[in-house]
Amino acid sequence: MAIILDEISRTFQEYLLLPGCTTTEHTHDKISLKAPIQRYHKSEGMKAKLNIPIVSSAMQAVTGSKLSVALARKGGCGFIFCSQSIEDQAKMVRQVKEHKAGFVESDSNLSPSATLADVIELRNKTGHSTIAITEDGGKHSKLLGLLTSKDFWEFKDDLSKPVSEYYTPSEKLIFGEVGISLQEATDKLWQSKKECLPIIDKNGALHSLVFRKDFYDHKTNPDELTDDKKKLFVGAALNTYDYMDRAGSLIEAGVDVMVLDSSDGYGEWQKNAALELREEYGSDIILGGGNVVTAEAFRYLADVAKVDFVKVGIGGGSICITREQKGIGRGQASSVMEVAKERDKYFQETGHYIPICSDGGLSSDTQIIIALAMGADFVMMGRYFAMTSESPTPKISHKGRVYKPYWGEGSNRARNWQRYSQSSSKTLTFEEGVDAYVPYSGNMSETLDVTVLKLKSTMSNVGVNSLNDFHKNAKLVRVSEMTLVESGTGSVEQLDRILSEEK
């Protein structure tokens with residue numbers, strides 16, 4: 001007969017943290033949220049790391065270049081989805097890597113013969129209001145001038161006219177030369193009261209642009225995550241089919257970290273892909289694997305497949321129905337606790353630390369905190385980011401409320417058959433994800449700032465200043481059904497509810 005484990009599959013909602021002693025040293029400014037994203041030996045210490053322990057899911061409705069840029073600026077990492085062409089995924093990675101400590105490679109360029117109609121089309125495509133006018137319309141050809149939304153009025157001007165009649169010529173612009181520091185560039189912007197400073201080489205060719213707004217973004221995001229060249233940090237997903245070609249293009253585009261994206265990573269397909277990638281690229285790449293829910297599966301990916309980090313979770317996502325469809329999965333709390341225990345055991349035995357990522361089953365800031373307390377090095381979320389203005393989907397209004405579309409990679413809409421081993425046919429025979437809508441939450445930065453603040457506040461209550469100490473010193477207790485009732489606000493009437501009923 002089948003092996004029956006005498007345990008209950010637990011969720012994060014079933015636990016609460018006990019407070020520890022908070023000293024004067026446990027203040028928010030002294031709490032570090034840095035988390036490893038690459039395996040390391042105890043003799044070396046942490047290598048690549050996140051500045052906050054939060055990454056976004058590699059999903060069509062979640063992570064494009066816009067969200068990846070916004071998340072890297074806050075200290076996390078976006079994982080761009082692989083259920084698209086290799087060319088399109090690599091293009092998204094390049095769009096993120098174009099951001100370099102305030103120096104931005106211009107991807108909105110036109111020749112002087114282009115029309116105002118071309119300008120509007122390009123502006124709608126990129127969202128950029130500043131367009132570089134170059135000799136041949138290339139991003140690195142001779143700069144002739146700049147055209148901004150202030151130079152013409154689309155509702156009054158003749159859109160068939162060439163931009164040569166409207167742009168501000170180069171002799172009226174303030175320039176910086178290649179080699180100028182960001183501080184020097186921003187000083188020029190401040191002194192000239194300009195919004196944009198073109199950076200040119202000795203031949204007058206456009207190199208990059210520095211924007212006043214970008215400098216403000218850098219100054220207001222001290223946790224910004226960058227590579228060794230000061231370009232924003234970005235991740236991308238791989239499948240187990242075209243992984244060699246896809247990885248080559250992503251690496252060429254500048255990707256910082258990749259993950260083998262599978263609903264169940266405990267198998268030879270993922271092991272073979274990981275080992276082949278290691279043979280080709282060695283330790284130069286950061287490669288994650290998953291997903292798993294048991295100690296044995298973690299050890300398989302860490303010890304046999306040699307991955308850098310392991311994703312934990314099967315069937316816990318808000319739009320995932322794998323458990324319902326196939327009876328496969330495990331409560332996310334139970335999964336994280338078992339895998340974290342095995343990770344620590346593996347570290348003691350080998351000296352190699354393999355970070356783990358809790359993926360799925362996180363429906364609130366509280367549950368993010370509990371997942372990290374239970375041992376997750378960082379968390380991956382889909383719904384959390386799908387609700388924000390930076391996710392790739394359009395806003396939809398219904399009955400006075402605003403929503404955003406959100407669908408699983410296992411849904412027919414995603415057509416991501418490579419992620420699921422269902423049959424020999426290159427299609428989804430049945431769905432393991434749903435197509436839905438989530439309420440619009442607004443700007444990601446504001447949402448994430450609140451989450452980070454809650455995490456630091458909790459760590460202060462527990463009496464720890466790092467995630468490593470959080471793992472070691474956190475004390476959790478199981479809660480009863482009545483504890484959950486007691487935790488709520490059932491004995492009082494909330495004002496918004498009263499006003500709603502009066503209407």
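1. Thr 168 in β12 is the bridge partner of Leu 146. Strand β11 (residues 143-148) pairs with β12 in the antiparallel sense, over two bridges. Strands count as paired if DSSP finds at least two bridges between them. Strands (E, at least two residues) and helices (H or I, at least four) are DSSP runs, numbered from the N terminus.

2. A word on the basis. This is a predicted model, in which local features need pLDDT of at least 70, side-chain atom pairs count only at pLDDT 80 or more, and totals for chains, interfaces and linings use all residues. Residues are numbered from 1 along each chain as its sequence is written, and side-chain values use heavy atoms, with hydrogens and water left out.

3. Now the whole sheet. It is open, has four strands in the order β9-β10-β11-β12, and its pairing is mixed. β9 (109-110) and β12 (168-169) are the edge strands; each has a single partner, so one side of each lacks a neighbour in the sheet.

4. Helix α2 (residues 86-97) packs against helix α6 (residues 243-253) at about 20 degrees, with the axes 8 Å apart. Axes are lines fitted to C-alpha atoms, for helices over the stretch in contact, and angles run from 0 to 180 degrees between N-to-C directions. The two helices are therefore roughly parallel (under 35 degrees; over 145 is roughly antiparallel, 65 to 115 roughly perpendicular, the rest oblique). Their crossing is right-handed, meaning that the near helix is turned clockwise from the far one by less than a right angle.

5. From α2, the contact uses Ile 86, Gln 89, Ala 90, Val 93, Arg 94 and Lys 97; from α6, Asp 245, Arg 246, Ser 249, Leu 250 and Ala 253. Contact means heavy atoms within 4.5 Å. By class there are five nonpolar, two polar and four charged residues. Ala, Val, Leu, Ile, Met, Phe, Trp, Tyr, Cys and Pro count as nonpolar; Asp, Glu, Lys and Arg as charged; the others, Gly among them, as polar.

6. Helix α11 (residues 365-373) and helix α13 (residues 444-462) cross at roughly 50 degrees, their axes coming within 10 Å. That makes α11 oblique to α13. This crossing is right-handed. Asp 365, Ile 368, Ile 369 and Leu 372 of α11 meet Val 450, Thr 451, Lys 454, Leu 455 and Thr 458 of α13. These residues divide into five nonpolar, two polar and two charged.

7. Ala 58 sits in the loop between β5 (54-56) and α1 (65-74). Is Ala 58 buried or exposed? Its relative accessibility is 7%, so Ala 58 counts as buried (under 20% relative accessible area; exposed is over 50%, partly exposed in between, with a 1.4 Å probe and protein chains only). The C-alpha atoms of Ala 58 and Met 381 are 9.1 Å apart, although 323 residues separate them along the chain.
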